[in-house]
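Biologist: Can you walk me through this one? I'd like to start with a pocket and then look at a sheet.

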Amino acid sequence: MLFEFTLSQLAERLGLEAPELDARCRGVSTDTRHIQPGDLFVALKGEHFNGNLFAEQALRSGAAAVLLDEAPTEQLSGPWLLFGDTQSEGNIKSAQDAYGELAGWQREAFTGPLVAITGSAGKTTTKQLMASVLAQQFNTWMTQGNLNNHIGAPKTLLALSPVHQAAVVELGASGLGEIAYTAKWVKPRVGIITNAAAAHLEGFGSLQGVVQTKGELIDFVAADGTVVLNADDPAFAQWCERAGDKTVVSFGFADQADVRADDIELAVSGSRFTVSRRGEDWQQPITLAFPGKHNVANALAVFAAALAFGLLPEQIAAGLEAATAVSGRMKSLSGPRGMMLIDDSYNANPASIKAAIDVISLAPCAWLVLGDMAELGAEAGQAHGDIGRYAKQQGIDTLVATGPLSKLTVEAFGDQGYWLPARDDVAAFINQTAPDQTTVLVKGSRSAGMDEVVRLLQRFAGE
């Protein structure tokens, strides 16, 4: 935490009556298993948990006080604060909202560069690249793992400490209004939208719903900050209009992009390209260890954001070239019999799978291994078939898939397409059938669990 606060100060900020007992808090926790002495315990609720039931346990574990949205069912041994619809003012209606308010309070105390990133694809990789660049000049904190939702974004802000000089916050959404909810606490100096694509359509309703929700980030970028937008995205003009008088810096491959790449050389192992900015007389060569043209675009977004913070092209290049992939995000691994195993199993949507196909299509022998894409709603069947046709058009040698929807992918792919009922069947089939030195890319939505295929193939490689 950047600052300490009292329970009575929190009550005033939330529009509540002062508590009977006051306490000084120097941290915030939502999990009794990880409470530190002096923490405020915030009793979050979800479909399968209710933090209000653990209030006394939190106090006994060292919490200075607890924040509840249900009246305690027993006499508590320490200070507590209760609120709900009948007590609170404004938009503070639950412990979750109060948790966000605490995160916003923490954000106000942080004065360093802060970047927020959203988009349908590329958020996590862009986050990694951005943090690596900022780390060239600042002690940088970033969103850990996939903590990018209504709980994860506040948690990221609340983890800021006095040692941190810059921050990178990833914002995800699966439905309308979710970016606005988190961005209002984050209030970035620079906001990046990587793209908008057909992902989580069950929650958004349509691609236009995706565009609108990703664009919510723009509304919360500081008035004198910078909005970084993808000049190649069909929603670019719409987002520019939404930005109004705010400074917009575009990136991409279009001639009109402010920050663009030329002399692009793509390989399965990474890429080389030269970055320039329209109207400025410099060119910066980059060697990136992240494969695919989509990752060149991610690097351009980071370049644009870093320039907005005043970093020099050579400093940005050093940070980009120092970045390394994380598990499940186009990470190259050793497979059996000299195979190159590309682990892209963390998540999937139609745009990200097509981008991955473009990468492995450069290999002499390319196998695509897929699980189902989730949350596509009524478009799911069509989307899965489209992937099979696209893979065939791009020259993928063999497609192996599992999951009920992926049957449609295999059918659309045709010859050399194989559907198997379980993930261990997929791994065994690849181990027994794929030629030596094959490039094998594994991808699917998180719910498909395709990381298990990766682990099994690595196990085969070690035998």
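Modeller: By class, the second largest pocket is lined by 15 nonpolar, 13 polar and 5 charged residues. Keep in mind that this is a predicted model.

Biologist: What volume does the second largest pocket have?

Modeller: About 770 Å³.

Biologist: Which residues are closest to its centre?

Modeller: Ser-29, Thr-30, Asp-31, Tyr-99 and Lys-155. They come from a lining of 33 residues.

Biologist: Which elements give two or more residues to that lining?

Modeller: Strand S3 (27–29), strand S4 (39–42) and helix H5 (152–158).

Biologist: And which gives the most?

Modeller: H5, with 4 residues.

Biologist: Now S18 and S19. Do they run parallel or antiparallel, and how many bridges join them?

Modeller: Parallel, with 4 bridges. S18 covers residues 366–370, and S19 covers residues 398–401.

Biologist: What is the bridge partner of Leu-370 in S19?

Modeller: Ala-401.

Biologist: Remind me, what holds paired strands together in general?

Modeller: Strands of a sheet pair through backbone hydrogen bonds, in either parallel or antiparallel fashion.

Methods:
Residues are numbered from 1 along each chain as its sequence is written. This is a predicted model: local features need pLDDT of at least 70, side-chain atom pairs count only at pLDDT 80 or more; totals for chains, interfaces and linings use all residues. Side-chain values use heavy atoms; hydrogens and water are left out. Two strands pair if DSSP finds at least two bridges between them. On a 1 Å grid over the protein atoms alone, a cavity is a set of points where a 1.4 Å probe fits but cannot get out, and a pocket is an open set with protein on both sides within 12 Å along at least five of seven lines; lining residues have an atom within 4 Å of a point. Grid points are joined across faces, edges and corners, and a volume is the space filled by probe spheres set on the points. Ala, Val, Leu, Ile, Met, Phe, Trp, Tyr, Cys and Pro count as nonpolar, Asp, Glu, Lys and Arg as charged, and the others, Gly among them, as polar.
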